[in-house]
Protein chains: 2
Amino acid sequence: MIEGHGDDIYGRDIEIKSNFSTNIFCKRNIGLEAHLQSKIGLIYNYPAPDAKQLREKIAKKEGLGYDSVLVTSGVVEAIYLIAKAFNGHSAILSPTFSEYEDACRIYNHEVSHFHDLNDISSEASTIWICNPNNPDGRFFPNEEIERLLTENNKRIVVMDQAYEDYTEDESFPTEMITKYPNAIILKSITKKFALPGLRIGYLVAAAKVADVIRKNMMPWSVNSLAIEAAAYCLDKESEFKIDSSFLRSEIDRLKLRLADLGISSSQSRTNFLLCSLPKGSARELKEYLINNYGILIRDASNFSGLTARHFRVAALTPEENDNLINAIKSWL
Amino acid sequence: MIEGHGDDIYGRDIEIKSNFSTNIFCKRNIGLEAHLQSKIGLIYNYPAPDAKQLREKIAKKEGLGYDSVLVTSGVVEAIYLIAKAFNGHSAILSPTFSEYEDACRIYNHEVSHFHDLNDISSEASTIWICNPNNPDGRFFPNEEIERLLTENNKRIVVMDQAYEDYTEDESFPTEMITKYPNAIILKSITKKFALPGLRIGYLVAAAKVADVIRKNMMPWSVNSLAIEAAAYCLDKESEFKIDSSFLRSEIDRLKLRLADLGISSSQSRTNFLLCSLPKGSARELKEYLINNYGILIRDASNFSGLTARHFRVAALTPEENDNLINAIKSWL
């Protein structure tokens, strides 16, 4: 999908003061900007075609073999590569990030949707879940994931863990790919370090599975500055902590304030909420908030299975969250 | 192909003093580094999913409709998208850049090779040429291209013009896509402005053809800094002139000096030469030059149809070119 994603600030002349449409939030004080400025000459060097040195670094960090790691241009490239490599029938946990279905359709998969892990089509050859899930923040704990992988051990199970750092819950460990060779885990460096302008992510899978995917990869999909940024951030990972308990308390507060306005919201375990308006449309609310408050929210009506009433907001600072509530109140 | 491309400096600890394996050469004094340093905060903003503003800028510069331009992560992404969109039988001018064939094989094309425009398989549904061609610098003038497009008006003809700025010959004009709706022209911003570390290119084609390709695109394949760099360079294009007549005279001189050593080379119209050793292998020569002179050449033995004796060199400065000749002489 090209049009219709959130974070669509780029197309607007108006100044956005608070971007609730993002699902990325964190402090950024690990010296990355200065580092990249000092490395700007990298624009004159070809990157390694498969980001080799970064693959090695990630493999070491994850405690996995080099052949189990593939670096991609954001999680999105990984999604498209998987859809290319394993076509057939894809069952997708819904509502969710649209790119799973888009990639599957481009590669002519049959597509079905499920809302419950016990209700997956028996036709499925590949299962896709986002955990924590976008847009509702739903989270499946490790024992449920292990059950999913065991019960579907003849199917590929793709788990997008892009938002794992935005929850207090323990994310499914990558080393589990050695126990479950049907698992493919997607990780977003873009999200982890809040760098959406660079496009970088990776997947981990059993070497045999990764090798099938690797055969379809084009060279140089990740550029030199993105590789440099990722390597730098991974080295500084211990200094870069997302305050997920702060996000948790703000999301709980936001949820209560929204409920006061008659707006229901999802049981989110992460830093964003899927909300449903009691009346009117999310599209109208979005335009109103942009034009009157410089506030951007995510109209979620284009997520599969959702309606014109749905929107998504991230928790930002307490002050910004209060402004959001007041602005929505004035619209209602 | 992941392994085996040129410009493979990234994998070596040894210092490369002269990189003849590149096919990019030019001065870089248009202020891009300082500009990107000042825009480093773009790493915090999502790029437009299809690089919309850059598409608009390119369409304006080319005098074409917006719908005829697609921005891609280097020419390579365009190649893969075209192979996905138009599969069938691909006829490829050879020897050439390996990615055409690799992409076609990934998408299950039948593949044939041709060396002469009059000798293209009648089975072909898509024809691929690189013009000027890599690795031999061969160039087809506009009247031959028009004849190719006319004679194959039921076939897609893909023309990779990545090296067009490295020749004195007039490149095939993009506005011709309005006359020849079977043409797809690939342009490399990476090559034009000598920025291989960023990955950015574009394709132009009739809106109907571009639309078929666009349907397969993933969002955000080009990152924010690459988009910014491309926009900046295009604005400064008039200040950024590759001295192709200088390159021409150096390539002619290099060719003569190589001939003195018994090394034959291609009738190149651009800044690189495909060379053939009278004895020994290009792989051995490459290792010798790296270890003894810090000189990198392109072992061209892995181009389809070439042999262990083939290597490619670009013309660099007169002094570097002399060093290359002396180094090869000492090896022979």
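What rotation, and what shift along its axis, superposes chain A on chain B? The answer is a rotation of 180° with 0.0 Å of shift, giving an RMSD of 0.0 Å; for this, copies are superposed by least squares on the C-alpha atoms of residues with pLDDT of at least 70 in both. The two copies are thus related as by a two-fold rotation axis.

Welcome to this predicted model, in which local features need pLDDT of at least 70, side-chain atom pairs count only at pLDDT 80 or more, and totals for chains, interfaces and linings use all residues. Residues are numbered from 1 along each chain as its sequence is written, while chains are lettered from A and ligands numbered from 1 in the order in which they are written.

**How the two chains meet**

- In chain A, the C-alpha nearest the axis belongs to A:Gln37, at 2.5 Å from it.
- The contact between the chains draws 45 residues from chain A and 45 residues from chain B; two residues are in contact if their C-beta atoms, placed from the backbone, lie within 7 Å.
- The same surface serves both copies, as 100% of the contact residues of chain A recur in chain B.
- On the side of chain A that touches chain B, the elements giving two or more residues are helix H1 (32-38), helix H3 (74-85) and helix H8 (224-235) of chain A. Helices (H or I, at least four residues) and strands (E, at least two) are DSSP runs, numbered from the N terminus.
- That side of chain A has 27 nonpolar, twelve polar and six charged residues. Here Ala, Val, Leu, Ile, Met, Phe, Trp, Tyr, Cys and Pro count as nonpolar, Asp, Glu, Lys and Arg as charged, and the others, Gly among them, as polar.

**The domains of chain A**

- The domain assignment of chain A gives domain 1 (8-25 + 242-331) and domain 2 (32-239); such bounds come from an automatic or database domain assignment.
- The C-alpha centres of domain 1 and domain 2 of chain A lie 26 Å apart.
- Their contact takes 22 residues from domain 1 of chain A and 21 residues from domain 2 of chain A.
- Helix H9 (244-260) and strand S10 (272-276) of chain A are the elements that give two or more residues to the domain 1 side of this contact. The largest share of that side, four residues, comes from H9(A).
- The residues on the domain 1 side divide into nine nonpolar, ten polar and three charged.

**The sheet in chain A**

- Seven strands of chain A make an open sheet in the order S2-S8-S7-S6-S5-S3-S4, with mixed pairing; two strands pair if DSSP finds at least two bridges between them.
- Strand S2 (69-72) and S4 of chain A are the edge strands, and each pairs on one side only.
- Neighbouring strands of this sheet are turned by 20° against each other on average, direction ignored. Axes are lines fitted to C-alpha atoms, for helices over the stretch in contact, and angles run from 0 to 180 degrees between N-to-C directions.
- Strands S3 (residues 89-93) and S4 (residues 110-114) of chain A run parallel and are joined by five bridges. Within this pair, A:Ile92 stands opposite A:His113 in S4(A).
- From S3(A) the chain crosses through helix H4 (residues 99-106) of chain A to S4(A), in a right-handed β-α-β crossover. Right-handed applies if, with the strands pointing away from the viewer, the path from the first strand over the helix to the second runs clockwise.

**The sheet in chain B**

- Chain B also has an open sheet of seven strands, ordered S2-S8-S7-S6-S5-S3-S4, and the pairing is mixed.
- Strand S2 (69-72) and strand S4 (110-114) of chain B stand at the edges with a single partner strand each, so one side of each is left without a neighbour in the sheet.
- Strand S7 (residues 183-188) and strand S8 (residues 201-205) of chain B pair in the antiparallel sense over five bridges. The bridge partner of B:Leu186 in S8(B) is B:Leu203.
- Helix H3 (residues 74-85) of chain B packs on the sheet, touching S2, strand S6 (156-160), S7 and S8 of chain B, and its direction makes about 155° with that of S7(B).

**Backbone details**

- A cis peptide bond runs from A:Ser94 to A:Pro95, with omega near -5°; A:Pro95 lies in the loop between S3 and H4 of chain A.
- B:Asn134 and B:Pro135 are joined by a cis peptide bond with omega of about 20°.
- A:Ala194 has a positive phi of about 55° although it is not a glycine, and its place is in the loop between helix H6 (189-192) and S8 of chain A.
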